[in-house]
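Student: Could we go through this structure together? I would like to begin with the overall picture.

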Amino acid sequence: MCDHDHKDSSRRGFLKTSAAAVTGVAAVAATGAISTNANAAAGDYADPEKPALPPSSMKLDLKRAAVVIIDPQVDFLSPKGVTWGVVGESVTEHDTVNNIERLFKIAKAKDIVTAISPHYYYPTDHGWKFEGGLEKLMHKIGMFDRKGPLDLKGFENSGADWMPQYKKYINDGKTIVVSPHKVYGPETNDLTLQLRKRGVDQVVLAGMSANLCVESHFRELQEQGFEVAVVRDATAAAKIPEGDGYAAAIVNFRYMANAVWTTKEAIKQIEASA
């Protein structure tokens, strides 16, 4: 076995250990630490029957709108990815992979500005002196690892690469691929600059993962004066004993987003604005 295969095997093994802990969700759920799918469908994920907050009034203007996809990469969205043991259930439950592709398709069909904010780690990033819990985990399992900012050796079909079905959209010569974000938000990349330079002030936001990079991008974009609609079933998150990341994100999106749409609703909004 080559060293690369050994590393991949080690990473998968590490995540399988985490996944084994998540398999005990039924026991944890009794204490209220995490929701099961049944409970989520009935309450945490479903829209409230009697909302306390006013409904969204967001209307898209495609001349000043963009579709922004966060981390549409193998390590998050494929069973081959190093995080599948903890995000796979959520990705499958929400049909996230297909819903992201539906957004790509409508964006390209209507010639909407489309941007990708990827997550890459280079060897020098592993020299950080302090990290949060999840940063430690991502570095330990080699998530989104690349050889260097100017080196694509080993990138093709790696965990840092795009999901195969998205490549035809991302590599069309029109999609903006901004510099990588390093923790969760776009403060360390050029996403805001790229959008402003194109006269964009409305964002349809999707990608991975809901309570981490998507929520962090959402918060920063909103603070920077963008009107942001989050596509709730074109994202997903980890389910671990510490909690269901998707449920946590949905609560915050409902409180703060200019709109929270399903993929079907987002497409309808785009078509109505064309």
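Tutor: Buried residues, meaning those under 20% relative accessible area with a 1.4 Å probe and protein chains only, make up 49% of the 274 residues in the protein chain. This is a predicted model, in which local features need pLDDT of at least 70, side-chain atom pairs count only at pLDDT 80 or more, and totals for chains, interfaces and linings use all residues. Residues are numbered from 1 along each chain as its sequence is written, and side-chain values use heavy atoms, leaving out hydrogens and water.

Student: How many helices and strands does the protein chain have?

Tutor: There are twelve helices and eight strands, taken as DSSP runs (H or I, at least four residues, for helices; E, at least two, for strands).

Student: Which residues have the most contacts inside the largest nonpolar core?

Tutor: They are Val68, Leu77, Leu195, Val203 and Leu205, in a core of 73 residues. Such a core joins buried Ala, Val, Leu, Ile, Met, Phe, Trp, Tyr and Cys residues through side-chain atoms within 4.5 Å.

Student: And what is valine 68 in contact with, beyond its neighbours within four places in sequence?

Tutor: Its partners include Ala115, Leu191 and Leu195, along with Val203, Val204, Leu205 and Ala206; contact means heavy atoms within 4.5 Å.

Student: Changing topic, at what angle do the axes of α10 and α11 cross?

Tutor: The axes of α10 (residues 210–223) and α11 (residues 245–256) cross at roughly 15 degrees and come within 9 Å. The two helices are therefore roughly parallel to each other, a term for angles under 35 degrees.

Student: Which residues of α10 meet α11?

Tutor: Among them are Val214, Phe218 and Gln222 in α10, and the residues met in α11 include Tyr246, Ala249 and Phe253.

Notes:
Buried means under 20% relative accessible area, exposed over 50%, partly exposed in between (1.4 Å probe, protein chains only). Axes are lines fitted to C-alpha atoms, for helices over the stretch in contact, and angles run from 0 to 180 degrees between N-to-C directions. Angles under 35 degrees count as roughly parallel, over 145 as roughly antiparallel, 65 to 115 as roughly perpendicular and the rest as oblique.
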